[in-house]
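Have the structure open beside you as you read.

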Amino acid sequence: MAGILDCGGRSLALGRPQVMGILNVTPDSFSDGGRFVGADAAIDHARSMVADGAAVIDVGGESTRPGSRGVSVEEELDRVIPVLEALRDEVSVPLSVDTSKPEVMEAAAAAGAGLINDVMALRRPGALEAARCTGLPVCLMHMQGVPETMQDDPRYDSVVTEVRDFLAGRMADAEANGIPRERIILDPGFGFGKTDPHNARLLAGLAEICDLGVPVLAGLSRKSLVGRVLGRALPDRLAGSVAAAAIATWNGARIIRAHDVAETVDAVRLAEYVQAGGIEA
Ligand code: 9MG
């Protein structure tokens, strides 16, 4: 299992669980759409997430919330590239780019991204090749269907087994295409083509995904699972998101993707401490 992940020359220390701060530069993301679209607002927010303990910042220019439609390559480039270029001089932690498009992967790497976060797990034509050429680590996420329709009627016979097998297959494909295992992160994709019971089973069974032997990323922050189970509207999902982060950490996740970084870092550190039997990291 990874100790230090080389993110284009910046280190992500995965010897302990870390928090990835979410920076959506989209006008329509599900929980913070439009708030950080301008480069100045994005930089301020990234700086404050790093001060709160984020070990990596994930910059996304296309919403992947249920029901959302994609944007063009040009639109996505216009949103993320200026922000990455500005951020690389403003924060010292690795920058991740949340994209499925090969053109954006390559341009983002040139603009300072050190990690590719692909919710399509490099399934788009040209994505495997683009990711390999950047030499950057990649997060491969599971999704059943596409964002526009993925929540219509997701079905599995055995969700944990199917998600694990899919991720193992994508990892094998990446390795066969020149992306070494040491550069791979896996993610079960909470909320991406899954009902609440599917998400619950995946969270409880996360250790089976971790058994694939590479770091696992979990993203549950402010998601509908939290909202529906607890009966909470978007502004009131902090406590549920933090609880989900603690459970994911306890079950082996090494990177927690979160909006509310300070609170999530507390939850992750507490889970880590208890798991280590009360020994400080
Ligand atoms: C972009 N994005 C939204 N939710 C996500 C999740 O759960 N994991 C990853 N890797 N990316 C996500």
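1. A word of caution to begin with: what you're looking at is a predicted model. Keep that in mind for every value below.

2. Let's begin with strand S3, which covers residues 18–24. How many of its seven residues are buried? The count is seven of seven, so this strand is mostly covered, given that buried means under 20% relative accessible area. Gln 18, Met 20, Ile 22 and Asn 24 point one way from S3, while Val 19, Gly 21 and Leu 23 point the other way.

3. Which strands does S3 pair with? One partner is S10 (residues 255–258), in the parallel sense over four bridges. Within that pairing, Gly 21 has Ala 258 as its bridge partner. The other is S4 (residues 56–60), which also runs parallel to S3 and is joined to it by five bridges. Here, look for Ile 22 standing opposite Asp 58.

4. Now for two backbone angles worth a click. Most residues other than glycine have a negative phi. Ala 121 isn't a glycine, yet its phi is positive, at about 55°. You'll find Ala 121 in the loop between strand S6 (115–118) and helix H4 (127–134), and it is buried, with a relative accessible area of 0%. Arg 222 also has a positive phi, about 60°, without being a glycine. Arg 222 sits in the loop between strand S9 (217–219) and helix H8 (224–230), and at 14% relative accessibility it counts as buried.

5. On to the charges. Side chains of opposite charge can pair when their charged atoms come close. The structure holds 17 salt bridges, and I've picked a few. Glu 272 pairs with Arg 16, with the closest N and O atoms 3.0 Å apart. Is Glu 272 buried or exposed? Glu 272 is buried at 12%, whereas Arg 16 is partly exposed at 30%.

6. Next, Glu 148 and Arg 69 form a salt bridge, their closest N and O atoms being 3.1 Å apart. Glu 148 lies in the loop between strand S7 (138–141) and helix H5 (159–176), and Arg 69 in the loop between S4 and H2, 79 residues apart. Glu 148 is partly exposed at 41%, and Arg 69 is exposed at 62%.

7. Lys 101 and Glu 76 meet in a salt bridge too, at 2.4 Å from N to O. Lys 101 is in the loop between strand S5 (95–98) and H3 and Glu 76 is in helix H2, so the pair ties together parts 25 residues apart in sequence. Both ends are buried: Lys 101 at 4% and Glu 76 at 1%.

8. Last stop, the surface. Glu 74, Asp 78, Glu 103 and Glu 106 gather there in a patch of negative charge. Helix H2 (73–90) and helix H3 (102–110) each supply at least two of the patch's residues. Glu 74, in H2, counts as exposed at 53% relative accessibility. The C-alpha atoms of Ile 81 and Ala 107 are 7.3 Å apart, although 26 residues separate them along the chain.

Methods
Residues numbered from 1 in each chain as written. Predicted model: local features only at pLDDT ≥ 70, side-chain atom pairs only at ≥ 80, totals over all residues. Heavy atoms only, no water. Patch = residues over 30% accessible without salt bridge, like charges linked within 9 Å, V, L, I, M, F, W, Y side chains within 5 Å. Areas by Shrake-Rupley, 256 points an atom, 1.4 Å probe, with all protein chains shown as cover. Salt bridge = Lys/Arg side-chain N within 4 Å of Asp/Glu carboxyl O. Lys, Arg positive; Asp, Glu negative; His and termini not counted. Charge placed at Lys NZ, Arg CZ, Asp CG, Glu CD. Buried < 20%, exposed > 50% of the residue type's maximum accessible area, 1.4 Å probe, protein only. Pairing = 2+ DSSP bridges.
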